[in-house]
Amino acid sequence: MEKHFPLFISVEKKKVLVIGAGKVALRRISVLQDFGADITVIAKSVPGDQKERIECLHREGKINLMEREFRPADILTDYFMIIAASDDNDLNRNIVALGREKGIWVNSASCREDCDFYFPAIAAKDNIVVGIAGDGSDHRAVADLAAKVRREL
């Protein structure tokens, strides 16, 4: 498995497309929203557990929400990055291929090999941001370490 270079970049006002609205998508949406990204979410449905939070972010103008099926034409070249977080692995693979064709960074929630970048666990306080990522094989270890770092901050 290739290693990923850690890179801290601004996503302030950058357009991000998230396909899916489940638990993984909501975690990524929440972090990206905290960093000022311009987020569009496309999901054929919003699961009950996430519905209140997703709809609240939409009402507050923090995300654009389209409750419908994903269409290949949804991938526009002005997106900075795409998060493929649907519950359909084949759809996620298709989204990755479409994004890469247009030169857009893509992260797949269903296949680490399909990721141009990993989405780190974030620990932040004031002007300090710590990102923690593994190779995708042990999410629990990354989450545990992130919790420790958050306590220290």
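**A chat about hairpin, core and contacts**

Me: Which strands form a hairpin with Asp126 in the turn?
Reply: β6 and β7 form the hairpin, with two residues between them. Asp126 sits in the turn and has a positive phi of about 55°. Keep in mind that this is a predicted model.

Me: How many bridges join β6 to β7, and do they run parallel or antiparallel?
Reply: Five bridges join them, and the strands run antiparallel. β6 covers residues 121-125, and β7 covers residues 128-132.

Me: What stands opposite Ala124?
Reply: Val129 in β7.

Me: New topic. How many residues are in the largest nonpolar core?
Reply: It has 22 residues. Those with the most contacts inside it are Val18, Ile29, Leu32, Ile39, Val41, Ile54 and Ile83.

Me: Which elements give two or more residues to it?
Reply: Two helices do, α1 (23-34) and α2 (48-59). The strands are β1 (15-19), β2 (38-43), β3 (63-67) and β4 (81-84).

Me: Where does the largest share come from?
Reply: From α1, which gives four residues.

Me: Zoom in on Val18. What does Val18 touch?
Reply: Leave out residues up to four places away in sequence. Then Val18 touches Ala25, Ile29, Ile39, Thr40, Val41, Ile42 and Ile83.

Me: And what other core lies apart from the largest one?
Reply: Another core, of 13 residues. Among them are Ile42, Tyr79, Ile82 and Ala84.

Me: Back to α1. How far does it reach from its first C-alpha to its last?
Reply: It reaches 17 Å with twelve residues. That is close to the 16 Å expected at 1.5 Å a residue.

Me: Which residues in α1 are buried?
Reply: Ala25, Leu26, Arg28, Ile29, Ser30, Leu32 and Gln33. Note that Arg28, Ser30 and Gln33 are on that list too.

Me: What covers the buried residues of α1?
Reply: The cover includes the strands β1, β2, β3, β4 and β5 (105-108). It also includes the helix α2.

Me: And what follows α1?
Reply: Gly36 does, and its phi is positive, near 80°.

Me: Switching to charges. How many salt bridges does the structure hold?
Reply: Nine. One of them joins the side chains of Glu55 and Lys51, at 3.2 Å from N to O.

Me: Where do Glu55 and Lys51 sit in the helix?
Reply: Both are in helix α2. They are separated by about one helical turn because they are four residues apart.

Me: What is the relative accessible area of Glu55? And of Lys51?
Reply: Glu55 has 26% and is partly exposed. Lys51 has 31% and is partly exposed.

Me: What about Arg100? What does it form a salt bridge with?
Reply: With Asp116, the closest N and O atoms being 2.9 Å apart. This pair links distant parts of the chain, 16 residues apart. Arg100 is in helix α3 (residues 89-101), and Asp116 is in the loop between β5 and β6.

Me: How accessible is Arg100? And Asp116?
Reply: Arg100 counts as partly exposed at 37% relative accessibility. Asp116 counts as partly exposed at 32%.

Me: What do the side chains of Arg112 and Glu113 do?
Reply: They meet in a salt bridge, 3.5 Å from N to O. Arg112 is partly exposed, with a relative accessible area of 32%.

Me: Which residues do salt bridges that share partners join into one network?
Reply: Lys51, Glu55 and Glu67.

Me: Last topic, rings. How many aromatic pairs does a search of the whole structure find?
Reply: Two. In one, the rings of Phe80 and Trp105 have their centres 5.7 Å apart. Their planes are at 45°, so the pair is tilted.

Me: Where in the chain are Phe80 and Trp105?
Reply: Phe80 is in the loop between β3 and β4, and Trp105 is in strand β5. They are 25 residues apart, and the pair links distant parts of the chain. Phe80 is partly exposed at 24% relative accessible area. Trp105 is partly exposed too, at 37%.

Me: How far apart are the ring centres of Trp105 and Phe117?
Reply: 6.2 Å, with planes at 40°, so the pair is tilted. Phe117 lies in the loop between β5 and β6, so the pair ties together parts twelve residues apart in sequence.

Me: Does Phe117 count as buried or exposed?
Reply: Phe117 counts as buried, at 12% relative accessibility.

Me: And which residues form one aromatic cluster?
Reply: Phe80, Trp105 and Phe117.

Methods:
Residues numbered from 1 in each chain as written. Predicted model: local features only at pLDDT ≥ 70, side-chain atom pairs only at ≥ 80, totals over all residues. Heavy atoms only, no water. Core = buried A, V, L, I, M, F, W, Y, C linked by side-chain atoms within 4.5 Å. Buried < 20%, exposed > 50% of the residue type's maximum accessible area, 1.4 Å probe, protein only. Contact = heavy atoms within 4.5 Å. Expected span 1.5 Å × (residues − 1). Pairing = 2+ DSSP bridges. Salt bridge = Lys/Arg side-chain N within 4 Å of Asp/Glu carboxyl O. Phe/Tyr/Trp six-rings, centres within 6.5 Å; stacked < 30°, edge-to-face > 60°.
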